[in-house]
Structure formats: structure tokens, C-alpha cells
Amino acid sequence: MYVVESKGGAIACMLLALFFLGTWPAIMTLLERRGRLPQHTYLDYTMTNLLAAVIIALTFGEIGSSTPEKPNFIAQLSQDNWPSILFAMAGGVVLSLGNLSTQYAWAFVGLSVTEVITASITVVIGTTLNYFLDDKINRAQILFPGVGCFLIAVCLGSAVHSSNAADNKAKLKGAGYSPTSNGALTNEELRNLEMGTGIIEEAKAGTAEFLLELEKRRAIKVFGKSTIVGLSITFFAGVCFSLFSPAFNLATNDQWHTLKEGVPHLVVYTAFFYFSVSCFVIALILNITFLYLPVLDLPRSSFKAYINDWNGRGWALLAGLLCGFGNGLQFMGGQAAGYAAADAVQALPLVSTFWGILLFGEYQKSSRRTYVLLFGMLFMFIVAVGVLMASSGHRK
């Protein structure tokens, strides 16, 4: 099997993972904004997400000769390593729950802010757990200041969200819509929105007309709903994300000595395969359930309707491949440099914010205060990812 052995190789894996993991949420958000049901999108996504794990296992996991200490992927499938397999599958379960939750949080809270909050929780909880699980191979004097940079960026991100929400509220009020104190519209305004009254087609990004046209077209309707719903989903997703990397760490390094004597540790490719299988199974069960029992006032669908829905299917399949390869590269880099340092990919809001501005017109026509806060958030994320990568150690 192929093993990343150098610090440079590990950092290259993390940078590529950062791009992939920051891009697939933008694709999923784009499809939701175009009106495709999230259940349909996620079912497509989860197919290719598993396919990516299989491709990685059958290629990188089979390169070179197999040894008793480091067996190839297929050779390890028959070994008695169920404790480690269960850790890997537990990681897949929490990641699947987190990804499924963020799919709804993006609509309520926005792509950039959702990614900032979930990344911060992941870094604060997950990176700390990985640091101790990795026997402190990362340099604490560099690692934890990096965690601090993430926390500063989170505070700035929250301020960006608050400032941008105030900007949008002012835009809607100026267009004749008067949001209530919690950001919702009145019943009369909602009826006008449903009828298309006052909405201009092909409205420019950043205008009130753009916000109203988006609400009319998107799959998840957010006007009239409390922002507490979105924030609750976001925090739940963040906790899930903070646990999947430590679970994978335990699966590949057996710090708790659950394997029998003489049984080799799970190689990263075998662990990632089992991780992705459990992720796939949970996603399949939940999303088929949500087809018939939808949440958050989404319309009811069916498996037949999903099969016949080809609108945006190619993009959803691409998102699954990007996420699958991104996770695989993160784990490959983490095995070499330490999973705490590999959590630098949680700077993915840098990439997501770029796509949010380029594709969705986020923050266009906002106030100067919003732009200053946005620049500060992005700057601190750049510093954070650099510091976390500089803390990389080398696993013996």
C-alpha cells in the first residue's frame, strides 16, 4: 500500500483536501437554491461518496507489497480487527449525521457562517482530542495558538453574519417588506411572495429583489422561520464533525489497545472503507425516510420521484466524489503528520466563502462594516490554517 511518509506530502494532502472539502458544500447549496429537494441531492451524493472510498482502497491501498505489519487493503479484510472497524464505522455515522444536518443549516444560516461555526467546534473539540490521542506528536506551543486563531475567526464570522443579516433586513424594508423582530416576514408579505408580487426576474445579487426571488425558487423555505432552528442544526453538526476524526484516529492507531496481540492496526485505506460504508448506510436510511416523512415543511416525495429527478444529478454526484476524496486525503495526511494537524482542513470556510461570494452573491451590496469584518475573518482563517500545518509532527 502507498504510505505518505514525508511532512511535505502530508501538507500537500491537507491542502488538496481543503479545496475539495470546501467546494462540495457550495455545489449542494447551489442545487438547493435551484429548487432541488435535499433528499434527492443527498442520495446521489452518498453514492459517489462511497465510490471514492472504494477507488482509494483499491488503488492506493493495493500499491506495493503487503507485509504483516502493513497489509494491503484486500489482505486486511479477513483479519480479526473488529474493535477498530467499529471505531471507523462510528466515525462514519457521526460524519453522515453532520453532513446531513449542514445540508439544512446552509439554507437557514448561510454557507459561509455554517462552515465557520462547524469548523470552530471541530477544531476546539476534535483537535484537542486528537492531540492527546496522538501522544502529543504535534507541537503544543504552535498547535493551540492555531486553535485560538480559529476562535477569533469564529467571533468575526458571527459578527459578519449579524452585520449581513442587518443589511438584508434594511434591503427588504426598503423594498416595501418589513421583517419582524426575529427576521421573519408578516403573513401578508409571505402571501405576496408566494404570488410573486413585486419580484423582478433576474434580479441583481445583493438586492432585496434577489433575496425575494431566491426564497420563491429554493427548496427549503426560510422566511417566517426562526433563526434558532438553523443555529441549533449547525451546532449539532459541529459536535458530530468534532467526533469523526478522533474515532478514525482510534481505528487506525488503537491507542486504547482493543486489538488482540499480533493483529496489525487498520491501515488508513481499510479504515476509510468501513468508515464510508457506515456513512453510506446511515445516509441511505435517513434520506429514504425523509422522502416520505420530510422535515422543515419540505414537500413529500417518493423513491420513484427521486429516480426520475435528473435535474442537477451530475452536480450532486460530483459533490460526493469531492467529499469522498477530500476525506480520504485528510486521513492520509493525518496518518503521517498527526490528526490534530490534519484538522487544518477545517479552514475550509475560506474556500466555501470564496464560492459563496462568486456563485451566490453573498455579501454583495453590503455595508462597509460587513466587508471589514469579512476581511478580518478570512485573514484569521489564513493564519489559523498556516499555524495548524506548522504544528505538524511525524508519527514514528
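This is a predicted model: local features need pLDDT of at least 70, side-chain atom pairs count only at pLDDT 80 or more; totals for chains, interfaces and linings use all residues.
Contact here means heavy atoms within 4.5 Å.

I start with Leu298. Leaving aside neighbours within four places in sequence, Leu298 is in contact with Leu37, Pro38, Gln39, Tyr104, Ala219 and Ile220. Take Pro38 from that list. Pro38 and Leu298 are 260 residues apart along the chain, yet their C-alpha atoms are separated by 9.1 Å. Where is Leu298 found? It is in the loop between α10, residues 268-292, and α11, residues 303-308. Is Leu298 buried or exposed? Its relative accessibility is 7%, so it counts as buried, the cut-off for buried being under 20%.

Next, Thr29. This residue lies in helix α1, which covers residues 7-33. Thr29 has a relative accessibility of 4% and therefore counts as buried too. What does the side chain of Thr29 have beside it? A polar atom of that side chain lies 2.8 Å from the backbone oxygen of Pro25. If we again set aside neighbours within four places in sequence, the contacts of Thr29 are Trp106, Leu111 and Phe360.

Last, the cysteines. I will mention two. Cys13 is buried, with a relative accessible area of 9%. Cys149 is also buried, at 13%. How many disulfides are there, if a disulfide is a pair of cysteine sulfur atoms within 2.5 Å? By this rule the count is zero.

To recap: Leu298 in its loop and Thr29 in helix α1 are the two residues to look up in the structure above. That is all from me.

Technical notes
Residues are numbered from 1 along each chain as its sequence is written. Side-chain values use heavy atoms; hydrogens and water are left out. Helices (H or I, at least four residues) and strands (E, at least two) are DSSP runs, numbered from the N terminus. Buried means under 20% relative accessible area, exposed over 50%, partly exposed in between (1.4 Å probe, protein chains only). A polar contact is a pair of N or O atoms within 3.5 Å; within protein, one must be able to donate a hydrogen and the other to accept it, and residues adjacent in sequence count only if both atoms are side-chain atoms. A disulfide is a pair of cysteine sulfur atoms within 2.5 Å.
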